[in-house]
Amino acid sequence: MKKIYITTHYLKHGGIERMVCNLSNLFIEMNYDVEILCTYYDGEPVYHLNDKVKITYLTYKLPKKTTSLKKNLKELKFIRVINDSFVRFSQYYLHNKVVAESINNIEKSIIISTRNEHTKLINKYSNGSNKLIAQLHCDYSQYKGYLKDIKYRYNNIDYLLLLTEELKNEVEPELNKLNKKTKCLTVPNFIKDKKDKKDKKDIKRKRQIISVGRLSVEKGFDRLLLIWEEFLANNKNYILKIVGDGEEKENLIQLAKSLNISDSIIFTGFLSNDETVKEIRKSKIYVMTSLQEAFPMVLLESISQGIPIVAYDVRVGPRSIIKDGYNGFLVKENDIKTFIEKLSFLLEKNDFYNNMSKNAITSSKLYSEEVIKVLWFEILN
């Protein structure tokens, strides 16, 4: 089996989309033919792709934006509820239809799904000549019905790959109650070494704290602004740089204004991966205040650049990358006081900071392309 198909929704900005590109490039290096099956076209890929990777767009009909059903029900807008429900169902049917049809035509190949909805489709529509590999790029507990799908709709999947050992230990017993075929493995994301000639430890850091991500509710940037308001009381010469864009951007800008901290915050909007890494390299500390995570790529980028991390210890994600006190600090959720104390400690204790920076680079080697390549070699062969 030398042909690999990878499913995804699109190839714009996003953690899953970035890993689809990284994996595609890796598989080309491993002498596989690679084809990415995009559910729909939403613009050209934003991450680097080897020229040998084929991209097939299954439809050019973009999803139509709909308002929240909860909001419409609360406001008693029943006509809008009916219309939006019809649009959502139509889109769901169309996207599932084109993916199912493409899968139905694949033989004697490897199919890798990156989302639960695609895993259910390859489980149902792929014939027995294919090897089926499912990836779960999220914390399943945050999504209603995911665990039920894993238990009852993955029975033809050969491998289920989880990003952390914690997730694997939770999912595997549930899966194996009825399904003895599917093997659960822990396969984390990886980063490519940029091979910058500059020695990372000699980089002159700016008085800058950084955070990167989609500006959406679950990323918890509002919590970060509340931390920043208090942090500034004793650290007026620092800048908080927030890289990313999203539906919450205007709300966050207004919150910063209401907290009177706008002058110390820079919202950069979307930056390319190379530009983002450059900003991380300039910064003293990376901060994360998400409400939920899976296996944040940006944390790998940060430790690879020798940047210590301070993050809220949400259910999964940061704790699989951050070793508390070694390459960063994990803080109990919503403990603003401790979060600020850890930030201040790192900025005041140069020797400790420098050691933690070295430790960060060392720990990032666990997630190098060469290390993860070995895991994939065993799975694919």
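How many salt bridges does the count come to? By the rule used here (a side-chain nitrogen of Lys or Arg within 4 Å of a carboxyl oxygen of Asp or Glu), the count comes to 21 salt bridges. Keep in mind that this is a predicted model, where local features need pLDDT of at least 70, side-chain atom pairs count only at pLDDT 80 or more, and totals for chains, interfaces and linings use all residues. Residues are numbered from 1 along each chain as its sequence is written, and side-chain values use heavy atoms, with hydrogens and water left out.

**The protein overall**

- You'll find 14 helices and 13 strands in the protein; helices (H or I, at least four residues) and strands (E, at least two) are DSSP runs, numbered from the N terminus.
- Of its 381 residues, 52% count as buried, where buried means under 20% relative accessible area, exposed over 50%, and partly exposed in between (1.4 Å probe, protein chains only).
- The accessible surface comes to about 19,000 Å², and 50% of that belongs to carbon and sulfur atoms; these areas come from the Shrake-Rupley method with a 1.4 Å probe, and for residues only the protein chains shown count as cover.
- Take the contacts (heavy atoms within 4.5 Å) with a separation of 6 or more: residues 24 or more positions apart account for 66% of them.

**The seven-stranded sheet**

- Seven strands line up in an open sheet with parallel pairing, in the order β3-β2-β1-β4-β5-β6-β7; two strands pair if DSSP finds at least two bridges between them.
- β3 (54-57) and β7 (183-186) stand at the edges with a single partner strand each, so one side of each has no neighbour in the sheet.
- On average, neighbouring strands of this sheet are turned by 20 degrees against each other, direction ignored.
- Inside the sheet, β4 (residues 110-113) and β5 (residues 131-136) pair in the parallel sense over four bridges, and Ile112 stands opposite Ile133 in β5.

**Two helices on the sheet**

- Helix α1 (residues 15-29) lies across β1 (3-8), β2 (33-38), β4 and β5, and runs at about 175 degrees to β1. Axes here are lines fitted to C-alpha atoms, for helices over the stretch in contact, and angles run from 0 to 180 degrees between N-to-C directions.
- Helix α14 (residues 369-380) packs on the sheet too, touching β1, β4, β5, β6 (159-162) and β7, and its direction makes about 145 degrees with that of β5.
- α1 and α14 pack at an angle of about 70 degrees, with their axes 11 Å apart. The two are therefore roughly perpendicular to each other (65 to 115 degrees; under 35 is roughly parallel, over 145 roughly antiparallel, and the rest oblique).
- Where they meet, Leu23, Leu26, Phe27 and Glu29 in α1 face Glu369, Lys373, Trp376 and Leu380 in α14.
- Glu29 and Glu369 also turn up in a network of salt bridges, linked with Lys192.

**A few salt bridges up close**

- Side chains of opposite charge can pair when their charged atoms come close.
- Glu218 and Arg214 meet at 2.4 Å, N to O; Glu218 is partly exposed at 24% relative accessible area, and Arg214 is partly exposed at 41%.
- Lys177 bridges to Glu174, with the closest N and O atoms 3.3 Å apart, and Lys177 is exposed at 53%.
- Lys282 and Glu279 meet at 3.5 Å, N to O. Both lie in helix α9 (residues 273-282), three residues apart, about one turn of the helix.
- In that pair, Lys282 counts as partly exposed at 30%, whereas Glu279 is buried at 13%.
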